[in-house]
Each structure stands twice: as C-alpha cells, then as structure tokens.
Amino acid sequence: MELAPKDGAVGESANSPDELQTVVFRLADEAYGIDIFRVNEIIRLREITSIPKTDSHVRGLVNLRGKTIPVLDLRARFNLAQADETENTRIIVVESEGGNVGIVVDAVTEVMTLQPDQIEDTPALVSDVDNDFVRGVARRNENLITLLDLDRALAA
C-alpha cells in the first residue's frame, strides 16, 4: 500500500470533527493506529544508512527525494522481537517536533475512520510509565487497535 504525499489530500474530507482518521499498521501481529494528519507518506523499505553509537531503535538515515530523514524501528522501540523484513515492510514518514521521521512497520493495512464510541482510554492495569506512548484503544468488530501517542513513541 502506497499513499501519496500529504499534499495529495489523503484524509481531507468532510468528516465529523470527533472522528479520528487513522492509518493502521501491523507490528508483530498486533494492529496499531496513528492519526493520518501526522502521516506525510508511506514508502517501501529502502536502503538505510546506519549511524554508529545511536540508540538501538534508531535504524539510520534514508535519502528521500534529496532530504535526509532519520528512520526508527518501532519493533526495537517497543521491545518486540525482531523479524525479517518482507515485501510488506514499509516506512511511514511522519511529522515530529524535530522534522520528518520515518518509522519502520511490518505492514500498513488500511486507513480507517474511527467514531468516538469506538475509542476507549487505556485500561489502568496496562497504563504505566512503560506504556505512556499508548493514547487509547479502538474497537473494530472483535479486534483491538492500539492508538499511539506519536510524540511519546518517537521521543528518545
């Protein structure tokens, strides 16, 4: 799945302000969602130049149409087991406080609109310092989608 750059008006529609348009992706067979308005584009995995002496979740840098952007590995960031990259592996380029950042995910599955009644706060039992990058959980039929607080998930 490839999405056009943000200027392509992906996600700009006449939806209710309470709705949340979400890019859903998979990591280790779990579904995660991020606000579509933070996503600039989704690209295929490409050569990543590693940078010595960086945190383990920093994969390196990529050249994206003449701009150099850092790429983070969310599996490493979330302490998940590493897995082989596949044909479905993607880099989601998102806006952060420090500029554009790429995040490596197993696959981007869909763009969906969540209604307010589908979104719940993180249960207190799983909400602690280690999970402060989770802003809520969305229900979709029998499945759950973990909604990420992108700024906290990307923070060093």
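A: We begin with a term: strands are DSSP runs of E with at least two residues, numbered from the N terminus. This is a predicted model. As a case, Glu41 has its place in strand S3.

Q: Is Glu41 buried or exposed?
A: Buried means under 20% relative accessible area. Glu41 has a relative accessible area of 8%, so Glu41 is buried. The side chain of Glu41 also makes a polar contact of 2.3 Å with the side chain of Arg65.

Q: Where is Arg65?
A: Arg65 belongs to the hairpin of S4 and S5, which has two residues between the strands. There, Arg65 takes a positive phi near 50°. The two strands, S4 (residues 58-64) and S5 (residues 67-73), run antiparallel and are joined by six bridges. In one of the pairings, Val58 has Leu72 in S5 as its bridge partner.

Q: How do strands join into a sheet?
A: Strands of a sheet pair through backbone hydrogen bonds, either parallel or antiparallel. Here, an open sheet of five strands has the order S3-S6-S7-S5-S4, with mixed pairing. Its edge strands are S3 and S4, each of which pairs on one side only. On average, neighbouring strands of this sheet are turned by 30° against each other, direction ignored.

Q: Which way do S5 and S7 run?
A: S5 and S7 run parallel, and three bridges join them. Val71 has Gly102 in S7 as its bridge partner.

Q: What is the order of the sheet of six strands?
A: That open sheet has the order S8-S1-S2-S11-S10-S9, and its pairing is mixed. Strand S8 (107-114) and strand S9 (119-120) each have a single partner strand, so one side of each is left without a neighbour in the sheet. S9 and S10 (residues 134-140) run antiparallel and are joined by two bridges. Ile119 stands opposite Ala138 in S10.

Q: What do nonpolar side chains tend to do?
A: In soluble globular proteins, they tend to be buried together. In this model the largest nonpolar core has 23 residues, and Phe25, Ile34, Ile92 and Val94 have the most contacts inside it. Among the elements that give two or more residues to this core are strand S1 (20-27), strand S2 (30-35), strand S6 (90-96) and helix H2 (150-154). A second, separate core has nine residues, including Ile43, Leu64, Val93 and Val104.

Q: Which residues is Val94 in contact with, leaving aside its neighbours within four places in sequence?
A: Among them are Ile34, Val39, Val101, Ile103, Leu150 and Leu154. Val94 is also in contact with Arg38 and Asn40.

Q: How many aromatic pairs does the structure hold?
A: The structure holds three. In one, Tyr32 and Phe78 are tilted, at 5.8 Å centre to centre with 40° between the planes. The pair links distant parts of the chain, 46 residues apart: Tyr32 is in strand S2, and Phe78 is in the loop between helix H1 (74-77) and S6.

Q: Why is the pair of Phe78 and Phe133 stacked?
A: Ring planes under 30 degrees apart count as stacked. The planes of Phe78 and Phe133 are at 5°, with the ring centres 4.5 Å apart, so this pair is stacked. Phe133 lies in the loop between S9 and S10, 55 residues from Phe78. Phe78 is buried, with a relative accessible area of 11%, and Phe133 also counts as buried, at 10%. Ring pairs link Phe25, Tyr32, Phe78 and Phe133 into a cluster.

Notes:
Residues numbered from 1 in each chain as written. Predicted model: local features only at pLDDT ≥ 70, side-chain atom pairs only at ≥ 80, totals over all residues. Heavy atoms only, no water. Core = buried A, V, L, I, M, F, W, Y, C linked by side-chain atoms within 4.5 Å. Buried < 20%, exposed > 50% of the residue type's maximum accessible area, 1.4 Å probe, protein only. Helix = DSSP H or I, 4+ residues; strand = E, 2+ residues; numbered from the N terminus. Contact = heavy atoms within 4.5 Å. Pairing = 2+ DSSP bridges. Polar contact = N/O pair within 3.5 Å; in protein donor to acceptor, adjacent residues only side chain to side chain. Axes fitted to C-alpha atoms, helices over the stretch in contact; angles between N-to-C directions. Phe/Tyr/Trp six-rings, centres within 6.5 Å; stacked < 30°, edge-to-face > 60°.
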